[in-house]
Amino acid sequence: MTSERHRAKMFADDDCLMIPYQTGDVFISHHQEETQEMLEEAKKNLQEELDALESRAESIQWVLADLKVQLYAKFGSNINLEADES
């Protein structure tokens, strides 16, 4: 009975729950609240990185479109700049 009470108390008390969190190649156990904060921070950082990459990709697409217009203006139908669908 004592071990059952101890287990029940452990699960009822969030401060006792240790959650493994991967940092690099290792897992480090943190309290549930701290792990949640770390996950939120990681999610925020990844979203910022994703937004920056999407913005960069959009800029590159604009440059490519401009270059395509210039090359078609110079070479006309003598070149094919479209992606091959094979």
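Author: Two strands are said to pair if DSSP finds at least two bridges between them. The model discussed here is predicted. In it, strand β1 (residues 18-23) and strand β2 (residues 26-31) run antiparallel and are joined by six bridges. At one point of this pairing, T23 stands opposite V26 in β2. Together β1 and β2 form a hairpin, with two residues between them. G24 lies in the turn and has a positive phi of about 70°.

The hairpin may now be placed in the chain. The secondary structure comprises two helices and two strands, and from the N terminus on the order of the elements is α-β-β-α. Helix α2 covers residues 32-75. At 1.5 Å a residue, its 44 residues should span 64 Å, and the end C-alpha atoms of α2 are 63 Å apart, which agrees. Just after α2, G76 also has a positive phi, of about 60°.

Helix α2 includes V63, which is partly exposed because its relative accessible area is 48%, a value between the limits of 20% and 50%. V63 belongs to a nonpolar patch on the surface, together with I60, L64, L67, L71, F75 and L81. The accessible area of this patch is about 560 Å².

For the chain as a whole, the accessible surface comes to about 7,900 Å², and carbon and sulfur atoms account for 56% of that surface. Of the 86 residues, 3% are buried. Among contacts between residues at least 6 apart in sequence, 0% join residues at least 24 apart.

Conventions
Residues are numbered from 1 along each chain as its sequence is written. This is a predicted model: local features need pLDDT of at least 70, side-chain atom pairs count only at pLDDT 80 or more; totals for chains, interfaces and linings use all residues. Side-chain values use heavy atoms; hydrogens and water are left out. Patches are made of residues with over 30% relative accessible area and no salt bridge: like charges are joined within 9 Å, nonpolar side chains (Val, Leu, Ile, Met, Phe, Trp, Tyr) within 5 Å. Accessible areas come from the Shrake-Rupley method with a 1.4 Å probe; for residues, only the protein chains shown count as cover. A salt bridge is a side-chain nitrogen of Lys or Arg within 4 Å of a carboxyl oxygen of Asp or Glu. Helices (H or I, at least four residues) and strands (E, at least two) are DSSP runs, numbered from the N terminus. Buried means under 20% relative accessible area, exposed over 50%, partly exposed in between (1.4 Å probe, protein chains only). The expected span of a helix is 1.5 Å times one less than its number of residues. Contact means heavy atoms within 4.5 Å.
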